[in-house]
Amino acid sequence: MMDCNDSHPLSGEQLIYAITIPLSTSIILANLVIILGIACNRQLHNTPNYFFLSLLVADLCTGVALPFIPLMGLNRELSFSSCLVAHVFPNFLFLAFLFNLVVVHYERYICIVDPLHYTNLWMHRSFPLALLVVWAPPLLFASLPAFGWNNWTGPDWNGCCASGHDETPLSNCLPNRTKCCSYRRVFPNAFIYLEVYGLVLPAILTIAGMTGRVLWITRGQLRDMCRLHRSVERGSQASDHEQRLNLRYTRCVVAVSLTFLACWVPYLIYMHVCIAFLISDTKRSSATHIVLSCTGIGSMAVVPLVLGLANRQYTEPAYKLLQKLRDRWRRRMRASEEVSV
């Protein structure tokens, strides 16, 4: 995953932390609530929920790394190994999150499209292999810069780390001995294009396609149910039951559309804006790009939380715990009032 923010280190870091720390804390706490909900309910200990648990772990790691991802766009003085870790590890967590998200959507997509062969999926027969598939390829791809596919061997760019800006074209920079760590030093343009248009964008389009296909199938099943209901009732007008079904389907479509717009569109905008600046190599508004990167990546990390919090089985243990704490607090308040009286 690439980032294209270049700003003054101090002001840029302060803005990044101000935006990402509250967002990261919320993502971590919400993931922990859902993970504990799955762990405490034995009825949820099955393969589909194990896939979702893997997604939650990846999302939790993404939440931990969220403040460091926009920092990849700042120029800092770091050694070669430290610079690689600062860029490769957050990129690996992001790609692992994306792969897990695709697998979870695919698993649920097959459950609806082909329920007869759902239990015979290779993912269900060999869960450890499926888990290796969603974690190993992201690690291998993200580690390519560590194996030599990087720009670190080129000349250091004069003025990058000294001023904290990267507004001068790379061709005009003079070599010096400053160890300037930048995403341009770690990720070649070809690597960025391959990740964006070969991995990230196809994954997002695949998720959108599977979701649209599920909604289309659901609409067809709803029409069959309404047609069968009318044949049984022998009526030509829609009954209250049909209207309730249509209303529920409409709400589902609206919820899915709003989720896509709120969670995916900001990241898509951020991604293509970064690509545009990478190609043109023009000056950029640092604050604008920091806000875009933080909100874009953070909004995408909310997708598993929407899926998890919408399931009451996942949140039931947390709800019961909160209810017990509330009842205990009320009993203490009543006891203190009786003592005071």
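**Helices, rings and surface patches**

Q: In which helix is the place of Ala190?
A: Ala190 sits in a helix that covers residues 189-233. This is a predicted model, so local features need pLDDT of at least 70 and side-chain atom pairs count only at pLDDT 80 or more, while totals for chains, interfaces and linings use all residues. Residues are numbered from 1 along each chain as its sequence is written, and side-chain values use heavy atoms, with hydrogens and water left out. Helices (H or I, at least four residues) and strands (E, at least two) are DSSP runs numbered from the N terminus, and the helix that holds Ala190 is α8.

Q: Is Ala190 buried, partly exposed or exposed?
A: Buried means under 20% relative accessible area, exposed means over 50%, and partly exposed lies in between (1.4 Å probe, protein chains only). Ala190 has a relative accessible area of 42%, so the word for Ala190 is partly exposed.

Q: How far apart are the C-alpha atoms of Ala190 and Trp149?
A: Along the chain, these two residues are 41 residues apart. Trp149 also belongs to an aromatic cluster with Phe141, Phe187 and Phe191. The separation of the Ala190 and Trp149 C-alpha atoms is 9.6 Å.

Q: What kind of aromatic pair do Tyr50 and Phe127 form?
A: A search of the whole structure finds 9 aromatic pairs. In this one, the rings are 5.8 Å apart centre to centre, with 50° between the planes. Rings of Phe, Tyr and Trp (its six-membered ring) pair if their centres lie within 6.5 Å; planes under 30 degrees apart count as stacked, over 60 as edge-to-face and the rest as tilted. The Tyr50 and Phe127 pair is therefore tilted.

Q: Which helices hold Phe51 and Phe127, and why does their pair tie together parts of the chain?
A: The ring centres of Phe51 and Phe127 are 5.1 Å apart with planes at 70°, so the pair is edge-to-face. Phe51 is buried, at 3% relative accessible area. The pair ties together parts 76 residues apart in sequence, because its two residues lie in helix α2 and helix α5.

Q: What is the distance, N to O, of the salt bridge between Lys320 and Glu316?
A: A salt bridge is a side-chain nitrogen of Lys or Arg within 4 Å of a carboxyl oxygen of Asp or Glu, and the structure holds 1 salt bridge. Lys320 and Glu316 are 4 residues apart in helix α13, so about one helical turn separates them. Lys320 is partly exposed at 44%, and Glu316 is also partly exposed, at 36%. Their side chains meet at an N to O distance of 3.3 Å.

Q: About how much accessible area does the nonpolar patch on the surface have?
A: Patches are made of residues with over 30% relative accessible area and no salt bridge; like charges are joined within 9 Å, and nonpolar side chains (Val, Leu, Ile, Met, Phe, Trp, Tyr) within 5 Å. Accessible areas come from the Shrake-Rupley method with a 1.4 Å probe, and for residues only the protein chains shown count as cover. The largest share of the nonpolar patch, 3 residues, comes from α5, and Leu132 in α5 is exposed at 52%. Together, Trp122, Leu129, Leu132 and Val133 have about 360 Å².

Q: How far apart are the C-alpha atoms of Cys263 and Met300?
A: Cys263 lies in helix α9 (residues 240-263) and counts as buried at 5% relative accessibility. Met300 is 37 residues away along the chain. The C-alpha atoms of Cys263 and Met300 are separated by 4.9 Å.
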